[in-house]
Amino acid sequence: MRYSWSFVLKRFGLLLLIIWSGATLNFFIPKMTPRNPLREKLLQEASRSGYIPPGFEEMVQAYESKFGLDRPLWQQYMSYMGDMLRGDLGFSISNYPKTVWELILEGLPWTVGLLLTTTLLAFLIGSLLGALMAWPKASNLFRYILPSLLIFGAVPAYVIALTLIYFVAFRWKLLPIGGGYGIGMFPGMNMAFILDVLSHSILPALALVLAGTGGWAIGMRGMLVTIQGEDYMTFGEAKGLKDWRLFYRYGVRNALLPQVTGLALALSFIVSGSVLVELVMGYPGIGTLLARSISQLDYFMIYGIVFVIITGIAITMFIMDMIYPFLDPRISYEG
Amino acid sequence: MERLQANLRYLRRNTSLAIGLGILVVLVLFTLTGYIIIDPKVDPYPLAGPASSPPTLNYCPRSDPDCEKTEPKAYIFGTDAQGRDLYGVAVAGTWMTIQIGLMAGLIGLGVGAFLGFTSAFYGGWYDLVVRWMVDVMLTVPGLLLLVVIASSLGDQTISVTGMGFIIASISWRGPARVIRSQVLSMREQSYVMMARLNGMSGMGIIFREMMPNLLPYLGASLVGAVTAAIFASMGLAALGLGPLREPTLGVTIYWVINQSAFLRGLWWWGAVPIGIVALIFVMLFLISIGLDEVANPRVRRAE
C-alpha cells in the first residue's frame with residue numbers, strides 16, 4: 001500500500017468540496033444577477049404574437065410559483081442540491097422533450113475521442129521534439145529551426161483552427177470544412193462512416209496538436225538540459241555507449257517522469273479543453289452544445305454542462321492522484 | 001545613460017525579451033498613429049462605410065471606386081459585412097483588448113498577491129481557508145465559470161470595463177498560488193526575523209521588506225496574469241459572451257465565425273484580428289520567457 005487511508009479520505013473530501021462548490025456557484029451566480037429567464041422566455045413568446053397580453057405579470061407569477069421560484073432561497077437551494085445529488089439536471093429549454101443529460105451524452109463521445117487522441121499525440125510529439133532540441137548531437141534542424149515552431153503553443157488553438165479552415169479546407173479543399181460527419185451519412189458502425197468521421201476530425205485534431213505540442217517540448221527540453229549534466233550521462237559516454245542508446249535509455253527515459261505528471265493533469269481537462277475549437281469547427285461535441293445553448297439562452301443546458309464538466313475534472317484529478325504513486329515509486333502519500 | 005547602455009547590452013543577450021519588447025513597441029506605435037488617423041467613435045463601428053455595398057478590400061472608399069489617382073488607399077485593411085473599416089477595428093480593438101487584459105491582470109495580481117502574502121505570512125486558519133479556496137477554484141476551468149457569470153449577466157450590460165471585471169473575478173488564482181509559495185520560502189530568512197525582532201508590523205514587513213525582493217516574480221506573474229486574462233476574454237468573446245457592441249479583437253473574431261467570413265472568401269476580415277491576436281500572444285510569450293531569465297538567474301546560462 002503506497003498511501004494511507006487518511007490521505008485518501010482527505011483527497012476524497014477535496015473532491016466533494018470541489019463538486020459542491022461547482023454546484024453552489026452554478027446556483028448562486030445566476031441568482032445574484034437581475035436577469036429573469038422565466039420572464040424573458042414568456043416575453044419572447046408573447047412578443048411573437050405582436051402585443052403583450054393583459055395579465056402578463058400574473059402569468060409570470062403563476063409560472064414562478066409553479067417552478068417553486070417564490071419559495072425562500074434556502075428552500076430552493078436545498079431542492080436544487082437534491083436534484084444535483086440524484087443527477088437530475090432538468091430539461092433543455094430549446095430542445096424540450098430531451099433532458100440535459102441526454103444531450104450531453106450525445107456530445108460526450110465526440111469530445112472525449114477527439115481530445116484523448118490529440119492530448120496523447122501532442123504529448124508524444126512534443127516530448128520527442130523537446131528532447132531533440134536539447135540534444136547536442138542532433139542535427140541543426142532540431143536545434144535551431146524547430147524552437148521557432150514553439151510559438152504555435154502561445155496562440156489559442158481555435159485561432160489556429162480558423163486559419164487552418166481557411167487554407168486547408170476552403171482554399172485547397174483538401175479536407176471537409178466542418179461538422180462531425182458529412183451531410184447524408186448515417187451514423188453507424190460501417191467502414192464508410194468511420195472514414196468520414198476520421199476525415200472530419202483531422203483539422204480540429206491538427207489545431208489542438210499544434211497548439212499543445214509547444215508546452216510539452218519546452219518542459220522536455222528543460223529536463224533534458226539538466227539531465228545532461230548528471231554523472232551517469234558522463235559515465236555512459238565514457239563507456240562508449242552508442243548515441244541512440246544514451247539518448248533514449250539514459251536521457252529521455254529519466255526526463256520523461258515530470259512530463260507524465262503533466263500528462264495526468266492534461267488528461268483531466270479532456271472534457272473542457274476543446275470547447276472553442278469545437279465551436280469553430282462545428283464539431284458535434286460538448287463545446288458546440290455549450291455555444292449553441294448560450295446563443296439560445298438555454299440556461300438549464302448551460303448550467304448542466306458546466307456542472308458535468310466540473311464534476312468530470314474533479315473525478316479525473318482524484319483518480320490521477322490515486323494512480324500516481326504507482327507510476328513514480330519515489331512518491332508516497334504515507335503519513 | 002550608463003544604466004541604459006548596460007540594459008541594452010543585457011537585452012542583446014536575452015533575445016526573447018528583446019524581440020518581445022520590440023513587438024510591444026511596434027504595437028504601441030501602431031495604436032498611437034492609428035488613433036491620430038481614425039475617428040475612434042465612428043470608424044470601428046458598423047456603417048463606417050456605406051452598408052449597401054459588399055465588403056471590400058479595394059483600396060478605395062466604396063462611394064468613389066475610381067479613387068486610385070486622386071486619393072489612394074482609403075481602406076488598407078478592407079471592410080466587413082457591416083461596413084466597419086477594419087483598420088479602425090484593428091487600432092481600437094488592439095487597445096481595447098490590451099485594456100481588458102491589463103485591467104483583469106492588474107486586479108488579479110493585486111488580489112492574488114495580497115492573498116498570497118498574507119496567507120503565507122500569517123498561516124493558521126486563514127492560510128488553510130485561502131489554500132482550499134485557491135485549490136478548488138483552480139480545478140474549476142476558468143472559462144466555464146466566466147460563461148456562467150457572463151451568461152447570467154446578459155450581453156446588454158457587458159462593456160469593455162465590465163469584461164475586465166468579469167475576468168478579474170478568476171484571474172487572482174494563479175498569482176495567489178505562485179506568490180504564496182515564494183513567500184513561504186522567504187518567511188524564514190534572517191532579514192525577516194530581524195524585522196520582526198525590531199517590532200515591525202506584519203503589513204510593514206510584507207510591503208517594505210519582502211515585496212521589493214519579489215519584484216521580478218511579481219513582474220513575471222503580471223505577464224502571466226495578463227496573458228491568461230486576454231486568453232479568457234478571447235474565449236468568452238468567441239462564445240458570443242463578449243461586449244458585442246464594441247470592436248474588440250475577440251468580438252471581431254466572433255463575427256468572423258458567426259458570419260462565416262472565411263467560407264464567403266472574405267479572408268481579410270479574419271486575417272486582421274487573427275494576425276494581431278497571434279502577435280499579442282507571441283509577444284507576451286517571448287516577454288514571459290525573457291522575464292523568467294531575469295527572475296531566475298540560474299536559468300540564465302543553462303546551456
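How many helices and how many strands are there in chain B? Chain B has 13 helices and zero strands. The model is predicted.

## Chain B: fold

Read along the sequence, the pattern of chain B is α-α-α-α-α-α-α-α-α-α-α-α-α. The chain has 303 residues, and 49% of them count as buried.

## The interface of chains A and B

On the chain B side, 35 residues are in contact with chain A. On the chain A side, the number is 45. Between them, the two chains bury about 3,700 Å². Carbon and sulfur atoms give 84% of that area. In chain B, the residues that lose the most area to chain A are B:Thr139, B:Leu144 and B:Leu239. Together they account for 16% of what that side buries.

Charge pairing is absent here: the count between chain B and chain A is zero salt bridges. For polar contact, the count is one residue pair, with both residues at pLDDT 80 or more. Which elements of chain B give two or more residues to the side that touches chain A? They are α4 (124–139), α5 (142–153), α10 (215–238), α11 (249–258) and α12 (267–295). The largest share, nine residues, comes from α5(B). By class, this side of chain B has 28 nonpolar residues, six polar and one charged.

## Chain A: confidence

Chain A has a mean pLDDT of 81. In this chain, 95% of residues reach 70 or more.

Among the elements of chain A, the highest mean pLDDT, 89, belongs to α5(A). The lowest, 71, belongs to helix α6, residues 140–145. Where pLDDT is low, the predicted coordinates should not be read in detail.

## A:Thr119 in helix α5 of chain A

A:Thr119 lies in helix α5 of chain A, which covers residues 100–134. This is the element with the highest mean pLDDT in the chain.

Is A:Thr119 buried or exposed? A:Thr119 counts as buried, because its relative accessibility is 12% and the cut-off for buried is under 20%. A polar atom of the A:Thr119 side chain lies 2.5 Å from the backbone oxygen of A:Leu115. Leaving aside residues up to four places away in sequence, A:Thr119 touches A:Trp216, A:Leu263, A:Ala266 and A:Leu267.

## Two loop residues with positive phi

A:Lys173 has phi near 55 degrees, a positive value in a residue other than glycine. The residue sits in the loop between α7 (157–171) and α8 (191–228) of chain A. A:Lys173 is exposed, because its relative accessible area is 62% and exposed means over 50%.

B:Ser260 is a further residue other than glycine with positive phi, near 35 degrees. Where does B:Ser260 lie? Its place is the loop between α11 and α12 of chain B. Both of these helices give two or more residues to the side that touches chain A.

Methods:
Residues numbered from 1 in each chain as written. Chains lettered and ligands numbered in written order. Heavy atoms only, no water. Helix = DSSP H or I, 4+ residues; strand = E, 2+ residues; numbered from the N terminus. Buried < 20%, exposed > 50% of the residue type's maximum accessible area, 1.4 Å probe, protein only. Polar contact = N/O pair within 3.5 Å; in protein donor to acceptor, adjacent residues only side chain to side chain. Contact = heavy atoms within 4.5 Å. Buried area = accessible area lost by both parts, 1.4 Å probe. Salt bridge = Lys/Arg side-chain N within 4 Å of Asp/Glu carboxyl O. Nonpolar A, V, L, I, M, F, W, Y, C, P; charged D, E, K, R; others polar. pLDDT = per-residue confidence, 0-100.
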